[in-house]
Amino acid sequence: MPKKFSDTEKEYIVKRLKEEAMSCLAIYGVRKTTVDELVKRVNIPKGTFYLFYESKELLLFDAIRELHDEFEAQLQKEMRCYSNGITIEGLTDLLFKAYKQVNNTGLMLIMTNGELEYLMRKLPEKAVKEHLVQDDINIEQLFSFLLQGDKSMGDREIETFSGALRAVFMTMMYKREIGEQIYDDVIRVMLKGIVMQIMEEKSSLENGE
């Protein structure tokens with residue numbers, strides 16, 4: 001019979017698995033991170049691991065998604081400081097800061113060596129779709145702030161801008177090809193272009209165009 005865990009124990013085990021998953025990503029990457037290594041670090045039996053995750057890939061993705069959500073929450077928190085409105089440069093600075101934070105995590109390693117793409121291929125389609133839906137919700141909250149609660153922007157526009165921001169993020173996989181010395185400048189140019197279009201859409205909605 002599988003051991004039954006209390007809710008507190010479950011939360012603790014999942015938390016520890018995610019922490020060690022990020023550590024292993026930074027050291028080993030996706031392919032070389034093993035369930036054996038993870039359970040050894042968390043000090044649980046291998047069978048217990050599969051009570052929480054069907055595969056190491058789902059755990060790694062869950063850990064990455066949680067980190068992503070933390071960045072989103074921090075971005076929204078900082079944006080609330082601009083209750084009287086935010087400029088193009090101001091929003092570009094906030095988004096650029098969020099992208100730069102990735103450099104201090106294990107994400108940069110797996111993005112530049114192609115292992116993020118490998119991980120995505122290993123995931124169930126449902127998991128990827130759920131992430132994209134949540135990402136769109138986060139972007140919608142960002143737009144809600146920019147539009148001061150005006151809901152005029154349609155789902156298609158939200159999905160498009162959300163996809164554009166993801167596309168900039170995914171260019172980290174091609175940092176070497178773009179050129180490491182100019183990479184930050186390139187990211188900032190792309191972000192500013194997206195922000196300018198967001199602000200243009202905001203202005204059009206305010207003017208009823």
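## A buried tyrosine and its partner

Let's start with Tyr99, which is buried, with a relative accessible area of 10%. Buried here means under 20% relative accessible area, exposed means over 50%, and partly exposed lies in between (1.4 Å probe, protein chains only). This is a predicted model, in which local features need pLDDT of at least 70, side-chain atom pairs count only at pLDDT 80 or more, and totals for chains, interfaces and linings use all residues. Residues are numbered from 1 along each chain as its sequence is written, and side-chain values use heavy atoms, leaving out hydrogens and water.

## Aromatic pairs

The structure holds four aromatic pairs. Rings of Phe, Tyr and Trp (its six-membered ring) pair if their centres lie within 6.5 Å; planes under 30 degrees apart count as stacked, over 60 as edge-to-face and the rest as tilted. One of the pairs is Phe5 with Phe52, a tilted pair with 6.0 Å from centre to centre and 50° between the planes. It links distant parts of the chain, 47 residues apart: Phe5 sits in the segment before α1, and Phe52 in helix α3 (residues 46-52). Helices are DSSP runs (H or I, at least four residues), as strands are (E, at least two), numbered from the N terminus. Phe5 counts as buried at 16% relative accessibility, while Phe52 is partly exposed, at 22%.

The rings of Tyr99 and Phe169 are tilted too, because their planes stand at 50°, with centres 6.0 Å apart. Tyr99 lies in helix α5 (residues 88-101) and Phe169 in helix α9 (residues 155-170), so this pair ties together parts 70 residues apart in sequence. Ring pairs also link Phe49, Tyr50 and Tyr53 into a cluster.

## Where α1 meets α4

Helix α1 (residues 7-32) packs on helix α4 (residues 56-79) at an angle of about 110°, with the axes 9 Å apart. Axes are lines fitted to C-alpha atoms, for helices over the stretch in contact, and angles run from 0 to 180 degrees between N-to-C directions. That makes α1 roughly perpendicular to α4 (65 to 115 degrees; under 35 is roughly parallel, over 145 roughly antiparallel, the rest oblique).

Among the residues that meet are Leu17, Met22 and Val30 in α1, and Leu59, Ile64 and Leu67 in α4. Contact means heavy atoms within 4.5 Å.

## Glu115 and Val30

Glu115 belongs to helix α7 (residues 115-122) and counts as buried at 7% relative accessibility. A polar atom of the Glu115 side chain lies 2.4 Å from the backbone nitrogen of Val30. Beyond neighbours within four places in sequence, Glu115 is in contact with Tyr28, Gly29, Val30, Arg31 and Ile110.

Technical notes. Polar contact = N/O pair within 3.5 Å; in protein donor to acceptor, adjacent residues only side chain to side chain.
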